[in-house]
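Here are my notes on this model, point by point. Please keep the structure open while you read.

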Amino acid sequence: DCAYAGDASVREMARAAGCEASLRLTGRLPHRAALAELVRSDLLLLLAVGQPDQIPAKAYEYAAAGPPILALVEPGATSDFLAEAADADVLFDADPHGIAQVLLERLHHAARNGEAAWRLPDGVARFDRRVLARELAGLLDDVRVA
């Protein structure tokens, strides 16, 4: 639920920043509807600070969805995964100027190309559950029971 950040209204913050027209708050959605929203998005925000040794499931969903990702993470598993499998800008701190720079670069890219053009990165295919299941099955086939 993203209508509020602490006690502050996100809609009011967007209005004060002059970007309310770019904001759409949907409230909670069923999982399939949420995934459909990811695919239609221009940029996905991944917040995974404090998780250097694990990759949140949302990172896999974001990478598979395709749009670029702005990730606020720590160096570690998530940043390594995103570097390989996604079109992601990875920031290791929540510096507002760094975030603004990434957003401006993405907006300029979209303006030059007529729209926010993106494609599914080649690296993400190896994380598909069918591919991973075949890989696991192959490893289990190689295991010799003593």
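1. Contact here means heavy atoms within 4.5 Å. By that cut-off, among contacts in the protein between residues at least 6 apart in sequence, 47% join residues at least 24 apart.

2. A word on provenance. This is a predicted model, in which local features need pLDDT of at least 70 and side-chain atom pairs count only at pLDDT 80 or more, while totals for chains, interfaces and linings use all residues. Residues are numbered from 1 along each chain as its sequence is written, and side-chain values use heavy atoms, with hydrogens and water left out.

3. Fold. The protein has 6 helices and 5 strands. These are DSSP runs, numbered from the N terminus (helices: H or I, at least four residues; strands: E, at least two). Along the sequence the pattern reads β-β-α-α-β-α-β-α-β-α-α.

4. Surface and burial. Of the 146 residues, 25% count as buried. Buried means under 20% relative accessible area, exposed over 50%, and partly exposed in between.

5. Main core. A nonpolar core is a set of buried Ala, Val, Leu, Ile, Met, Phe, Trp, Tyr and Cys residues joined through side-chain atoms within 4.5 Å. The largest one has 15 residues. Those with the most contacts inside it are Leu44, Leu46, Tyr62, Ile69, Ala71, Phe81 and Leu82. Strand E3 (44-48), helix H3 (57-65), strand E4 (69-73) and helix H4 (77-85) each give two or more residues. H3 gives the most, with 4.

6. Ile69 and the second core. Leaving aside neighbours within four places in sequence, Ile69 is in contact with Leu43, Leu44, Leu46, Tyr62, Ala63, Leu82, Ala86, Asp87, Ala88 and Asp89. A second, separate core has 5 residues, including Leu72, Leu91, Ile99 and Val102.

7. Helix H4, residue by residue. Is Thr78 buried or exposed? Thr78 lies in H4 and is buried, because its relative accessible area is 1%. Beyond four places in sequence, Thr78 is in contact with Leu46, Gln51, Gln54, Ile55, Pro56 and Val73. Ala77 is also in H4, but counts as partly exposed at 23% relative accessibility. Not counting residues up to four places away, Ala77 touches Pro52, Asp53, Gln54 and Ile55. The C-alpha atoms of Ala77 and Asp53 are separated by 5.4 Å, at 24 residues apart along the chain. Glu84, in H4, is partly exposed at 41%. From Glu84 to Ala63 the C-alpha distance is 10.0 Å, across 21 residues of sequence.

8. Largest pocket. Its volume is about 2200 Å³. A pocket is an open set of points on a 1 Å grid over the protein atoms alone, where a 1.4 Å probe fits, with protein on both sides within 12 Å along at least five of seven lines; lining residues have an atom within 4 Å of a point. Of the 44 lining residues, the closest to the centre are Leu23, Arg24, Leu43, Leu44 and Leu45. The lining divides into 29 nonpolar, 6 polar and 9 charged residues. Elements giving two or more residues to this lining are helix H1 (10-17), helix H2 (31-40), E3, H3, E4 and helix H5 (96-113).

Technical notes:
Buried < 20%, exposed > 50% of the residue type's maximum accessible area, 1.4 Å probe, protein only. Points joined across faces, edges and corners; volume = space filled by probe spheres on them. Nonpolar A, V, L, I, M, F, W, Y, C, P; charged D, E, K, R; others polar.
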